[in-house]
Amino acid sequence: MYVRLFLFFYPIRPASMTYDDVTHLSAKIKPKQQKVELEMAIDTLNPNYCRSKGEQIALNVDGTCTDETNTYSSKLMDKQTFCSSQAASNVSRYAAAVYRKGELHLTPLHGILQLRPSFTYLDKADAKHREREAANEGGDSSQDEAEDDVKQITVRFSRPETEQARQRRVQSYEFLQKRQAEEHWVHLHYYGLKDSRSEHERQYLFSQAHGLAENTELIKSPSEYLMMLMPPSVEEENDKPVAPSNVLSMAQLRTLPLADQIKILMKNVKVMPFANLMSLLGSGTDSTAVLRCIQQVAMLVQGNWVVKSDVLYPKDTSSPHSGVPAEVLCRGRDFVMWKFTQGRWVVRKEVAAVTKLCPEDVKDFLEHMSVARINKGWEFMLPYDEDFVKKHPDIVQRQHMLWMGIQAKLEKVYSLLKEHLAPKKQETQSGHPLLVSGEQRVNMAKARVKQNYGQLEKEFQRQKAELKSNDASAKMDVSNIRIKEEPVSDEEPMDTSAYEGMNNGVVNGLHAEDSMDSLNGRLPGGCGDRVAQELKAFVSSTFKKQFVLTLSELKRLFNLHLASLPPGHTLFSGISDKMLQDMVLDTGCKQIFVPFPPQTAASPDELKVYALWEAGDTYDQHRQVLLEIFSRNYRVRRNVIQNQLSQECGEDVNKQELDRVLKDCCVSYGGMWYLKGTVQS
């Protein structure tokens with residue numbers, strides 16, 4: 001391959017530099033990429049050259065050792081490398097011109113490159129620095145010891161590559177970089193300005209024909225000749241510059257049609273106010289045309305424009321994280337966008353629970369249009385654009401209708417509840433995020449119970465009246481009623497303050513006038529049996545999962561269970577501490593009297609420890625022995641527990657069995673083992 005490379009040092013060369021100054025220059029080229037590198041000598045004797053700085057740079061790059069791989073063999077930065085970049089994407093209209101003896105000689109150009117200083121030597125200096133740090137940290141480790149180490153390796157077999165995956169790989173940045181690196185450099189020879197070879201090459205800039213008869217293309221009128229030099233704009237449309245996929249050039253961008261400009265900008269920026277979009281499109285752009293185009297590629301969210309999902313996820317594409325098709329991704333992202341039309345905050349777990357997409361995909365959706373706030377959620381990244389909403393009410397109304405259609409589609413696809421679809425009044429008025437924590441969910445459930453209590457009370461009064469009318473002929477004699485007297489205890493009743501307002505002057509969910517049946521241990525209308533069954537089911541299932549619980553923890557779990565029940569459930573009739581403790585003992589549990597230390601700060605409910613005595617599995621005997629140990633000791637070491645289990649069970653207890661028993665009943669803290677809920681920090 002024969003390449004003519006002409007170097008023009010103006011207009012960036014120093015004023016004092018001439019062609020004669022180039023005493024040493026080496027060049028190499030990659031023809032396919034049209035990439036050139038020049039290595040030019042630096043005049044180290046020039047008074048403007050800082051010698052100490054040159055020595056420091058050479059020392060940082062090459063270090064103190066001297067070998068053939070050194071960048072600066074003279075221990076001084078005595079050369080500079082220049083790397084080329086494309087100065088123009090279309091050079092068909094450019095030519096090199098030489099004027100001589102009244103004649104203008106034009107030579108077409110196949111490429112225009114701009115040379116800029118290359119600082120790869122700084123990367124080499126950083127690599128040297130990291131190697132020195134690694135050597136210092138590694139110390140004098142023995143190589144033989146490193147070779148003796150046996151490392152486990154994992155062998156994976158790659159799946160057959162699909163055509164779609166191959167196309168994505170070929171278009172990836174890493175593949176293009178690898179292809180560029182594989183092309184070999186072609187070294188060029190440099191000839192000075194006064195060299196005979198340079199003089200010979202310069203003659204090619206002049207036309208060798210001296211008669212117009214031989215140059216038939218020049219026998220044209222001036223207008224035709226100008227038409228040849230400057231073809232009409234129709235041909236230009238066939239070869240428009242293509243904007244890069246990851247980096248936008250504003251000069252190239254503005255050569256595209258308005259719709260393509262807006263699409264490329266929105267695809268890269270994702271979220272943008274209308275005022276910012278107009279500033280990027282340049283002065284003189286018609287705002288009406290922009291509004292017409294922006295609605296084709298973006299949706300209005302809080303007065304700002306967010307790129308549509310089908311623009312980011314075209315048809316026949318899939319998620320790079322999970323492989324989910326583009327249609328499913330578009331639905332999930334539309335749900336996130338719709339949530340931001342309802343408020344400024346979105347909870348990531350809620351989005352994942354509704355869309356059923358992987359966390360990486362959900363995170364991508366949220367990062368497109370919001371920012372994460374610690375312990376709060378994801379907030380929409382731009383403030384509400386009130387100016388745009390006031391200036392363009394027709395656009396806002398049209399976008400609102402589009403969102404109503406998307407909402408109907410999401411409701412059908414995700415089976416959303418209507419209460420979730422309607423925006424919260426408090427949120428729309430205040431504009432603050434509506435984040436519901438676990439405690440707030442419990443309070444909301446209690447509030448719903450309180451609101452529905454009036455209706456339930458009316459239903460109860462109606463049933464009571466029916467019972468009185470049906471049993472009027474068969475009234476019981478008051479003298480035959482025996483009142484069950486329970487022993488008086490100093491312990492406080494179960495904390496039901498959260499439900500006192502709900503009861504509205506009732507005792508355990510019943511009015512004072514009807515509390516006689518409750519004192520007899522039953523509820524009217526056979527409710528007592530249902531309450532006992534529900535309470536027994538809760539206690540049994542809880543202890544089969546936990547095995548050991550304090551009364552305080554059991555009451556907490558019971559309150560959470562109440563909050564999850566629908567309004568009007570039988571357990572809302574009122575459960576006292578004594579009823580709960582009696583039910584625990586009735587379900588086969590025993591109270592473990594743990595000898596707490598005298599200075600303990602535990603509450604009375606935390607001092608009461610209950611454990612499931614028989615679960616019906618092979619570890620019942622081991623757990624019983626373990627509970628007996630903790631009835632005599634507040635905390636025990638693991639080896640003591642293992643020895644005691646081996647003695648009582650008559651056989652050696654292996655590690656797996658011991659771990660299972662300890663996991664069921666105990667927790668470890670500071671090298672000691674405690675029953676669950678008894679650790680005092």
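Gln261 counts as buried, at 8% relative accessibility. This residue of a predicted model is found in helix 10. The C-alpha atoms of Gln261 and Met250 are separated by 9.5 Å, and the two residues are 11 apart along the chain. The points below cover cores, sheets, a helix, salt bridges, a surface patch and loop residues.

**Nonpolar cores**

- The largest nonpolar core has 53 residues, and those with the most contacts inside it are Ile262, Met266, Ile294 and Trp305.
- Helix 14 gives the most to this core, with eight residues.
- In soluble globular proteins, nonpolar side chains tend to be buried together.

- Three strands form an open sheet with antiparallel pairing, in the order 8-10-9.
- Strand 8 and strand 9 (298-301) stand at the edges with a single partner strand each, so one side of each has no neighbour in the sheet.
- Two bridges pair strand 8 with strand 10 (residues 304-307) in the antiparallel sense.
- Met272 stands opposite Trp305 in strand 10, and Trp305 is also among the residues with the most contacts in the largest core.

- Strand 16 (residues 548-550) runs antiparallel to strand 18 and is joined to it by three bridges.
- Leu549 has Tyr610 of strand 18 as its bridge partner.
- Strand 17 (residues 589-592) also runs antiparallel to strand 18, with four bridges between them.
- Ile592 stands opposite Val609 in strand 18.

- Strand 19 (residues 666-669) and strand 20 run antiparallel and are joined by four bridges.
- Val667 stands opposite Tyr674 in strand 20.
- Met672 and Tyr674 point one way from strand 20 (residues 672-675), Trp673 and Leu675 point the other way, and all are buried.
- The hairpin has two residues between its strands, and Gly670 takes a positive phi near 65 degrees there.

**Helix 25**

- Helix 25 (residues 551-563) has 13 residues and reaches 18 Å from its first C-alpha to its last, close to the 18 Å expected at 1.5 Å a residue.
- Its buried residues are Leu551, Leu554, Lys555, Phe558, Leu562 and Ala563.
- An α-helix has 3.6 residues a turn, so residues three or four places apart point the same way.

**Salt bridges**

- A search of the whole structure finds 21 salt bridges.
- Glu201 and Arg197 meet through their side chains in a salt bridge of 3.5 Å, N to O.
- These two residues are separated by about one helical turn, because they lie four residues apart in helix 6 (residues 196-202).
- Glu201 is buried at 13% relative accessible area, whereas Arg197 is partly exposed at 34%.
- Arg344 and Glu379 form a salt bridge of 3.6 Å, N to O.
- This pair links distant parts of the chain, 35 residues apart: Arg344 is in the loop between helix 14 and strand 11 (345-346), and Glu379 is in strand 13 (residues 377-380).
- Arg344 is buried, with a relative accessible area of 19%, and Glu379 counts as buried at 17%.
- Glu379 also forms a salt bridge with Arg373, with the closest N and O atoms 3.0 Å apart.
- Arg373 counts as partly exposed, at 40% relative accessibility.
- A network of salt bridges links Asp617, Asp620, Arg623, Arg660 and Asp664.

**Nonpolar patch on the surface**

- Tyr99, Leu104, Leu106, Leu226, Leu229 and Met230 form a nonpolar patch on the surface, with about 640 Å² of accessible area together.
- Strand 5 (103-108) and helix 7 (222-229) each supply at least two residues of the patch.
- Tyr99 is found in strand 4 (residues 95-100) and counts as exposed, at 61% relative accessibility.

**Loop residues with positive phi**

- Lys270 has a positive phi near 75 degrees, in a residue other than glycine.
- Lys270 lies in the loop between helix 10 (258-269) and strand 8 (271-272).
- Asp316 is another residue other than glycine with a positive phi, near 70 degrees.
- Asp316 lies in the loop between helix 13 (309-312) and helix 14 (326-342), and it is exposed, with a relative accessible area of 61%.

Conventions. Residues numbered from 1 in each chain as written. Predicted model: local features only at pLDDT ≥ 70, side-chain atom pairs only at ≥ 80, totals over all residues. Heavy atoms only, no water. Patch = residues over 30% accessible without salt bridge, like charges linked within 9 Å, V, L, I, M, F, W, Y side chains within 5 Å. Areas by Shrake-Rupley, 256 points an atom, 1.4 Å probe, with all protein chains shown as cover. Salt bridge = Lys/Arg side-chain N within 4 Å of Asp/Glu carboxyl O. Buried < 20%, exposed > 50% of the residue type's maximum accessible area, 1.4 Å probe, protein only. Expected span 1.5 Å × (residues − 1). Pairing = 2+ DSSP bridges. Core = buried A, V, L, I, M, F, W, Y, C linked by side-chain atoms within 4.5 Å.
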